[in-house]
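Here is a friendly note to read beside the model. Have the sequence and the 3D view open, and take the points in order.

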Amino acid sequence: MSREPVALSVQAGVPQPDNVNRALAGRYRRRRWPDEQYVSGILRGDRVALSRAITLIESSRPEDQEQAERILEACLPNTGKSVRVGVTGVPGVGKSTLIEALGTHLTRALGHKVAVLAVDPSSQVSRGSILGDKSRMETLATDPDAFVRPSPSGGSLGGVARKTRETILLCEAAGFDVVLVETVGVGQSEAAVHGMTDFFLLLMLAGAGDELQGIKRGIMEMADLIAITKAEGDNRVRAEAAKREYENALHLFPPSPSGWSPVVRLCSAVEGMGIAEIWEDVLRYVQLTKANGHFESNRKRQAREWMLETIRYALEDQFFGDQAVRRAMPAIERDVLAGRTSSFAAARRLLNLFRHSAEFADEPN
Ligand SMILES: Nc1nc2c(ncn2[C@@H]2O[C@H](COP(=O)(O)OP(=O)(O)O)[C@@H](O)[C@H]2O)c(=O)[nH]1
Ligand SMILES: [Mg+2]
């Protein structure tokens with residue numbers, strides 16, 4: 001039991017530290033489950049197994065990621081059977097409140113099982129505005145037929161999006177037949193969520209004056225349904241005016257490849273108005289696109305896109321994590337900034353370095 005008297009551990013008169021870092025030990029005390037325990041748990045709809053598997057997906061430890069991948073593969077035959085709905089709109093428009101109302105309608109009135117996920121790349125810094133949102137989803141958060149999971153804090157949007165996509169699949173394997181994905185509604189996250197859902201719901205406020213300013217045209221073009229929120233009381237008249245305005249704007253867009261013509265609805269989550277109608281639109285959309293083949297072809301296109309994106313991110317991780325690249329980067333960057341070399345030549349030098357170091361790593365020793 002005695003420790004070797006190495007220079008690093010011996011300091012006369014000073015209490016010697018433990019071999020085990022107690023702060024870290026707690027994290028590993030929970031014993032790793034075998035794959036089978038996760039998979040059978042998820043397929044049974046067990047929330048603990050589902051939550052723990054999602055934690056593996058979100059982990060950055062390589063052994064966790066490998067296990068998450070095996071679990072996902074095993075669950076794959078049981079995925080894909082949900083309706084995936086993306087919900088976007090500027091912060092404050094009422095996304096979380098609507099999801100609470102819609103989700104509760106789905107579980108209580110229609111007997112669905114609803115998973116609520118979120119894509120919020122900023123949540124690394126703020127520890128999740130969506131976490132705060134859980135308080136806006138009080139009923140859903142305690143509903144036995146709902147599963148609410150805050151956004152993963154994965155750093156880049158790509159990382160967060162990948163984790164959310166994989167989480168969708170696990171939720172489906174666990175029997176959730178409606179998946180609602182909320183975006184923060186700023187930046188690029190709408191496109192990421194559009195790329196992982198079947199139906200895209202854009203929430204808009206009946207704002208002061210210039211109605212079409214708030215949201216970029218590209219996002220409006222993605223929308224299958226625009227819902228004007230908070231359309232109650234004094235707001236009702238303005239909401240109706242906004243509805244006509246959006247309907248006119250939608251006519252100017254090219255027809256969607258889905259064959260579906262986007263609709264504009266009024267809703268009020270506090271009055272429960274328009275919520276059931278939104279779901280009826282989703283169902284009409286699903287019926288139409290399943291009949292014309294778009295539903296399936298869109299899912300296939302998305303699956304292919306996920307694969308390509310996974311490759312892109314993996315390559316990027318490898319490149320920027322490569323020792324030779326990291327060593328050479330600062331000097332090459334200085335050359336670019338000083339105008340001694342072009343960005344293109346610098347990039348090629350770094351890529352060559354990366355290729356050689358990858359080849360070297362591949363050689364059997
Ligand atoms: N009057 C009214 N207020 C609403 C409605 N829906 C949401 N709100 C309020 O709008 C604010 C923002 O809602 P929230 O759901 O957090 O918006 P998010 O940032 O888009 O998720 C909150 O204070 C809500 O209570 C509605 O239908 N009517
Ligand atoms: Mg919210």
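1. A definition first: two strands pair if DSSP finds at least two bridges between them. Helices (H or I, at least four residues) and strands (E, at least two) are themselves DSSP runs, numbered from the N terminus. With those terms in hand, Ile-228 has Leu-266 as its bridge partner in β7.

2. Some ground rules. This is a predicted model, in which local features need pLDDT of at least 70 and side-chain atom pairs count only at pLDDT 80 or more, while totals for chains, interfaces and linings use all residues. Residues are numbered from 1 along each chain as its sequence is written, and chains are lettered from A and ligands numbered from 1 in the order in which they are written.

3. The overall make-up. The chain holds 16 helices and seven strands. Of its 365 residues, 34% are buried; a residue is buried if 20 or more other C-beta atoms lie within 10 Å of its own, exposed if 12 or fewer, and partly exposed in between, with C-beta atoms placed from the backbone. Two residues are in contact if their C-beta atoms, placed from the backbone, lie within 7 Å. Among contacts between residues at least 6 apart in sequence, 72% join residues at least 24 apart.

4. The sheet. In what order do the seven strands of the open sheet stand? The order is β3-β2-β4-β1-β5-β6-β7, with parallel pairing. At the edges are β3 (146-148) and β7 (263-266), each with a single partner strand, so one side of each has no neighbour in the sheet. From one strand to the next, the twist averages 20 degrees.

5. Pairing along the sheet. Strands β1 (residues 83-88) and β5 (residues 199-205) pair in the parallel sense over four bridges, and Thr-88 has Leu-202 as its bridge partner in β5. Parallel β6 and β7 are joined by four bridges, and Leu-225 has Val-263 as its bridge partner in β7. The path from β6 through α12 to β7 is a right-handed β-α-β crossover: with the strands pointing away from the viewer, the path from the first strand over the helix to the second runs clockwise.

6. Five of its five residues are buried, so β6 is largely enclosed by the rest of the structure. In a regular strand the side chains alternate between the two faces of the sheet. Leu-225, Ala-227 and Thr-229 lie on one side of β6 and Ile-226 and Ile-228 on the other, and all are buried.

7. Helices on the sheet. Helix α9 (residues 157-173) lies across β1, β2 (114-119), β3 and β4 (178-183), and runs at about 175 degrees to β2. Helix α12 (residues 235-251) packs on the sheet too, touching β5, β6 (225-229) and β7, and its direction makes about 175 degrees with that of β7. For these angles, axes are lines fitted to C-alpha atoms, for helices over the stretch in contact, and angles run from 0 to 180 degrees between N-to-C directions.

8. Around ligand 1. Which residues are the closest to ligand 1? They are Gly-94, Lys-95, Ser-96, Thr-97 and Lys-230, in a shell of 16 residues; a residue is near a molecule if its C-beta atom, placed from the backbone, lies within 6 Å of it. Helix α5 (residues 95-109) gives the largest share of this shell, three residues.

9. Lys-230 sits in the loop between β6 and α12 and counts as buried, with 23 C-beta neighbours inside 10 Å. Most residues other than glycine have a negative phi. The phi of Lys-230, however, is positive, near 55 degrees.

10. Trp-279, in helix α13 (residues 275-292), is partly exposed, with 18 other C-beta atoms within 10 Å. Leaving aside neighbours within four places in sequence, Trp-279 is in contact with Leu-102, His-105 and Leu-106. Trp-279 and Leu-102 are 177 residues apart in sequence and 7.7 Å apart in space, C-alpha to C-alpha. Glu-58, found in helix α3 (residues 47-58), is buried, with 21 other C-beta atoms within 10 Å. Glu-58 and Thr-167 are 109 residues apart in sequence and 9.1 Å apart in space, C-alpha to C-alpha.
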